[in-house]
Amino acid sequence: MVSYLVVHFGRHHSFEDFVDRFWKKAPEVTQQVVSTIFLFFASYAAPILLAQILTHLKLDLAMRGVALAIAAPLFIAMGLAVRNAKSRSLNTVPTWPLYSTGYALTAIGAMISFGDEQLAIYVLILNAIVYAASAYIFQQAFWLYLSTVLTPIIALLMLHNSDRLETNYVAWIFIGLAYLYLLIGQIFDRSKKDENNIHPFAAPFYAPGFLLSATALAISSSDRMLALQVYSAGVVLYAISGWLFREALFIYPAAWLATVPYYLLITLTKLDTSLYGLAWLPLIILYIGLGRFVFHKRPLPPVGKGLLVEWLSHPATPLYLLAYSLSVSMISLSYGFAVSLT
């Protein structure tokens, strides 16, 4: 640390001559790394020293991980405190070693603390907060991806720690996070000046959110009542998304997934099995009606003449395709029952 301070204030002339001789024509990034070489050693030696002290005090391994995780934001804070400092000699960038040490400790602290699941949860929560704060401070969306991905992992660990890692809890937490992420993404989107593009901070919420919704649907498929509820929530989520983004892409899952709770409701009634095929008829009529009178605002290109992408991106196409697919399903479900098949 003393060596770095001497370099920083231009009092280590032998080191300056050394850098000028070998890295004078090197890229700026290389010059900055070399000029802070002493600070890299000091920054990375500090947490090692801390770990040795904690070991000497006979603290549990998990507690040592917590201590290193707590030290992580302190290194980042030190980097923020000195990022505006200007060197009087070499072009030193003191933030690089401090930031890299801080973010390395977030990962190291989490790995070490996993010996105690409850402490690991606290560490991951702290890391998620640090990454979210980093996204705000540095105005970089990358850090938000880490926070949004860590959140469901933390939720799973909390369920496991409380002995409630069950399918229904996981499915509802995932679909709930999907709704929450869509809401937060919309808050960012509505605050932007450019209405044509997605806010950089909204994408880290949208992508994990829709992935979580798909995972929730897959998890809930093993239980009939749970699937009925979660699939219905998923249909509403994709329908809202289609309305918000004005994209036919979201109408496909909204329309097609609706058939699952509809069919499950049919199976829960006293309707005879031979009539299951005919039971699709109300949904078919509903889809054709919605497609024709609600979503068919602009004409469809003629089949064979219009572009395939343009035809598939029409908002009424998902409803028409599913309606006619269900008409085929009517025949297959009625097979074996002469009256219904007729």
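**Close-up views of a predicted model**

**View 1. Helix α8 spans residues 142–161.** In this predicted model, the 20 residues of α8 reach 29 Å from the first C-alpha to the last, close to the 28 Å expected at 1.5 Å a residue. The buried residues of α8 include Trp143, Leu144, Ser147, Thr148 and Leu150. Further along the helix, Pro152, Ile154, Ala155, Leu157 and Leu159 are buried too. Among the elements that cover these buried residues are α6 (95–113), α7 (117–138), α9 (167–191) and α10 (203–220). Just after α8, Asp163 takes a positive phi of about 60°.

**View 2. Tyr103 and Trp143 form a stacked aromatic pair.** A search of the whole structure finds 14 aromatic pairs. In this one, the ring centres of Tyr103 and Trp143 are 4.2 Å apart and the planes meet at 20°, so the pair counts as stacked. Because Tyr103 lies in helix α6 and Trp143 in helix α8, the pair ties together parts that are 40 residues apart in sequence. Tyr103 has 15% relative accessibility and counts as buried, because the cut-off for buried is under 20%. Trp143 is buried as well, with a relative accessible area of 13%.

**View 3. Phe188 and Phe205 form another stacked pair.** Their rings lie 6.0 Å centre to centre, with 25° between the planes. Phe188 is in helix α9 and Phe205 in helix α10, 17 residues apart, and the pair links these distant parts of the chain. Phe188 counts as partly exposed, at 24% relative accessibility, whereas Phe205 is buried, at 9%.

**View 4. Five aromatic residues form one cluster.** The members are Tyr206, Phe210, Tyr238, Phe245 and Phe250.

**View 5. The largest nonpolar core has 63 residues.** In soluble globular proteins, nonpolar side chains tend to be buried together. Within this core, Tyr103, Tyr238 and Tyr287 touch the most other members. Helix α11 (residues 224–245) gives the most to the core, with 10 residues. Apart from this core lies another, of 6 residues, among them Leu68, Ala71, Ala72 and Leu105. Leaving aside neighbours within four places in sequence, Tyr287 is in contact with Ala255, Ala258, Leu319, Leu322 and Ala323.

**View 6. Ser113 is a buried residue of helix α6.** Its relative accessibility is 0%, so Ser113 counts as buried. Not counting residues up to four places away in sequence, Ser113 touches Ala62, Gly65, Val66, Leu119, Ala120 and Val123.

Methods:
Residues numbered from 1 in each chain as written. Predicted model: local features only at pLDDT ≥ 70, side-chain atom pairs only at ≥ 80, totals over all residues. Heavy atoms only, no water. Core = buried A, V, L, I, M, F, W, Y, C linked by side-chain atoms within 4.5 Å. Buried < 20%, exposed > 50% of the residue type's maximum accessible area, 1.4 Å probe, protein only. Helix = DSSP H or I, 4+ residues; strand = E, 2+ residues; numbered from the N terminus. Contact = heavy atoms within 4.5 Å. Expected span 1.5 Å × (residues − 1). Phe/Tyr/Trp six-rings, centres within 6.5 Å; stacked < 30°, edge-to-face > 60°.
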